[in-house]
Amino acid sequence: MLAIDIGWGTTLAIKTLVILMLVPTGALILGYTFLLKVMSHMQSRLGPMDPGGFHGWFQLIGDGIKFIQKEDLTPAEADRRVFAFAPAVVVISTFLVFLVIPAGPDIVVKDLDVGVFYALAVSSLSVIGVLMAGWASANKFALLGALRAAAQLIAYELPLLLAVVGVVVQAGTMSLQGIVSAQSHNSIFGWNGIGFPLVLTQVVGFVLFLIASQAELTQTPFDMPVAESELVAGYMVEYTGFRFLFFFIGEFGTAFAFAAISATLFLGGWALPASWGISVGVMRFLGPGVLFAKIMGVAFLMFWVRFTYPRLREDQLQALAWKFLIPIGLANILLTGTLKVAF
Amino acid sequence: MSTTNPPLPELEIDPRLYRHLADAQVNVELDTGDMILNLGPQHPATHGTLRLVVRLDGERVMSADPVIGYMHRGYEKLTEFRTYPQVTTLINRIDWLSSFANEVPFIDAAEQLMGIEAPPRAQYIRTILTELSRIATFLLFLGEMGLQVGALTPAFYGFRDREHILNLIEAATGGRFHPNFNRIGGLKDDLPWGWINDTRTAMKTVFDACDTFEDLVAGNEIFEARTRSIGIIPPEVGTSYGVSGSNLRASGVDWDLRRDGKPYLAYPEIDFRVWTHPDGDSFARYWVRLQETREAARMVLQLLDKLPSGKIMAKVPLIIKVPEGEIWAETENPLGQMGYYVISRGATGPFRVKIRSASFSNVSILPWLLRGVFVPDVITILGSLYFILGDIDR
């Protein structure tokens, strides 16, 4: 896949290393930009300004170091092994999502034919970790939080998938690279100035996807599993130190992953419109940057909502999913299919 | 008012719950039992140390028992060992968000026993500061209510806007939280130079802040969905539990001691509207406090216009001795009806003081109010009742 053949072993090692670095880095970038800076600005505060010199960029790393130093507490009545393993499950599911997300013409770990399906499937593995954490903590708040998380993630998996079906129908492929190249090469009624980012026709799908991914990420207005004013911190309540850091990385890493998926599916991913005539060689270097810019754009929307809205109640959340999002998603598929056949 | 409470209205239980109970009876293995959840004493939603023992069936509350006393400081007893001027220092700390308003009824009681009346200017300044502390308390509530239903941002706006008011109180009295500014017969100091203009400017920011909260919180669909028809207090139940203040006015009871009670301070001389809301739910309580914040700002502007000149201290003896007697003085505090029953035996300090604080009675309705609601609604209701732990435990 790379230009120089360096043997599959080395390639694998490089890929593993990149993915291992990517998740914490993405989590840090989102955490710093949105949690510390954008949120502070929206709430008319400064946020941390001192550590590191420039606008307190070192704060999150400092926080990480602090977490590592903390004592790793396990409640006396906890199911020790499950308790210890749960954060890892959450983070692993985040790592797995990144395997199929393309960041350039050939910068992808494995371009699966069912890439979309795979990404959404592994992203919901994290609910197992959440349930494990809640159950093993031997804490009622944690248990309530975990059960809420499970109910919520199951309910919102469906609108998430339905939102994506429209894209798959229009692009005609489930491979993420295929979807990217379709958006780059297609034209709008013969005009190919900006390619054909699918958000133009799949606005409903895009909005549905953002809402559902907000719920999958357990962010406000769907943050009942960690509702700090009710359940203190939900399933995370008994975790300290490094294991808590795992949950933090999992949360923001998954936010990064979902932003990447929606940027790829709806905004054209790493690619610039084919008509601009940028060569493949240049795109190898430009692609990750383009993707990153789009990710930050989508992430801004996600976090903007997070910092603005209050929290729904559990029954209202379920009603929203089953009564509104899923019917709208189905109608969107029907419309997309009809138009696809008609044109 | 009768001494016994009227029988509790029958609680409507969701039919789904009946079905669940019936299932549990038929098939004993399915009976999961109730879960006892301890909310507090250290829980972010109780802002202080209120403990709620909640029996849950799933997420539905079967019963809730508030346990109080974690913050009991024995102020009623302590007042017996203080002189009258020293007592204000203590009662500052009952409801710490609106401490100035706490001083007023006690000073009122002492002045009435001694037969002293503070000069008009002092009365006006007292009224202004009472209304300012009302604004400060409510601005915090308006933001914090957002936090209780999950929106973080309004809480920061609440703190930010309250800062203007606290600065004013500090400029006038020297203390941000515990002014201890009232004296028997008047006030410690006159207003500082330029304070009146600063206050006028600050009232503009209060109006702006109220608009922001109306837009950002009260106008939000999710907030409405979370608070409408949650925690309804019918007027007769509210009065029977002794709920007072904005909580009662949100149930449609048009009762405000500033207008309906024994005239005190400068309230008889200004125009103001008593806001009520017919619904009695959490949203109504939010809405009423929002309107009362605006009304308080309007009252402050009125008072500033009418502020008379003159002395701020009446003639009082050097050593204050209150003649024998008993008296009950009550005022409309931000949290509700606040009163002191003072018994004097002619010494320099009170013989006995009974403090009637609003939050204590407001919280007593919780076991009735919380039956049958969901866990998230518990937090909404706690937030909308707006109690201060110091005001409950004293």
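How many helices and strands does chain A have? Chain A has 11 helices and 0 strands; helices (H or I, at least four residues) and strands (E, at least two) are DSSP runs, numbered from the N terminus.

The structure is a predicted model, in which local features need pLDDT of at least 70 and side-chain atom pairs count only at pLDDT 80 or more, while totals for chains, interfaces and linings use all residues. Residues are numbered from 1 along each chain as its sequence is written, and chains are lettered from A and ligands numbered from 1 in the order in which they are written.

**Figure 1. Chain A as a whole.** From the N terminus on, the elements of chain A run α-α-α-α-α-α-α-α-α-α-α. The radius of gyration of chain A is 21 Å, close to the 20 Å that the globule rule gives for 343 residues, so chain A is as compact as a globular protein of that length. The radius of gyration is taken over C-alpha atoms, and the globule rule is 2.2 Å times the number of residues to the power 0.38. Taken along the principal axes, the C-alpha atoms of chain A fill a box of roughly 65 × 50 × 45 Å. Of the 343 residues, 47% count as buried (a residue is buried if 20 or more other C-beta atoms lie within 10 Å of its own, exposed if 12 or fewer, and partly exposed in between; C-beta atoms are placed from the backbone). Among contacts in chain A between residues at least 6 apart in sequence, 78% join residues at least 24 apart; two residues are in contact if their C-beta atoms, placed from the backbone, lie within 7 Å.

**Figure 2. Chain B as a whole.** Chain B contains 16 helices and 8 strands. Its radius of gyration is 22 Å, which agrees with the value near 21 Å that a compact globule of 394 residues would have. The C-alpha trace of chain B spans about 80 × 45 × 35 Å along its principal axes. Of the 394 residues of chain B, 50% count as buried. Residues 24 or more positions apart account for 72% of the contacts in chain B with a separation of 6 or more.

**Figure 3. The contact between chain A and chain B.** Chain A gives 22 residues to this contact and chain B gives 25 residues. On the side of chain A that touches chain B, the elements that give two or more residues are helix H10 (280–308) and H11 of chain A. That side of chain A divides into 8 nonpolar, 6 polar and 8 charged residues (Ala, Val, Leu, Ile, Met, Phe, Trp, Tyr, Cys and Pro count as nonpolar, Asp, Glu, Lys and Arg as charged, and the others, Gly among them, as polar).

**Figure 4. Packing of helices H8 and H11 in chain A.** Two packed helices are described by the angle between their axes and the distance between the axes. Helix H8 (residues 203–216) and helix H11 (residues 314–342) of chain A pack at an angle of about 150°, with their axes 10 Å apart. Axes are lines fitted to C-alpha atoms, for helices over the stretch in contact, and angles run from 0 to 180 degrees between N-to-C directions. H8(A) and H11(A) are therefore roughly antiparallel to each other (angles under 35 degrees count as roughly parallel, over 145 as roughly antiparallel, 65 to 115 as roughly perpendicular and the rest as oblique). H8(A) passes H11(A) in a left-handed crossing; a crossing is left-handed if the near helix is turned anticlockwise from the far one by less than a right angle, and right-handed if clockwise. The contact is made by A:Val204, A:Gly205, A:Leu208, A:Ile211 and A:Ala212 of H8(A) and A:Leu325, A:Ile328, A:Gly329 and A:Asn332 of H11(A). By class, these residues are 6 nonpolar, 3 polar and no charged.

**Figure 5. Packing of helices H5 and H12 in chain B.** The axes of helix H5 (residues 120–148) and helix H12 (residues 282–306) of chain B come within 9 Å and cross at roughly 155°. The two helices H5(B) and H12(B) are therefore roughly antiparallel, and their crossing is left-handed. Residues that make the contact include B:Leu132, B:Ile135 and B:Leu139 of H5(B) and B:Ala296 and B:Val300 of H12(B). The contact has 17 nonpolar, 2 polar and 5 charged residues.

**Figure 6. The surroundings of B:Ile165.** B:Ile165 is found in helix H6 (residues 153–173) of chain B. With 28 C-beta neighbours inside 10 Å, B:Ile165 counts as buried. Not counting residues up to four places away in sequence, B:Ile165 touches B:Leu132, B:Ile135, B:Ala136, B:Leu139 and B:Ala202.

**Figure 7. Two loop residues with positive phi.** Phi of B:Ser229 is near 55°, a positive value in a residue other than glycine. B:Ser229 lies in the loop between helix H8 (221–227) and helix H9 (235–240) of chain B, and counts as partly exposed with 13 C-beta neighbours inside 10 Å. Phi of B:Tyr386, a residue other than glycine, is also positive, near 55°. B:Tyr386 is placed in the loop between helix H15 (375–385) and helix H16 (389–393) of chain B, and is buried, with 27 other C-beta atoms within 10 Å.
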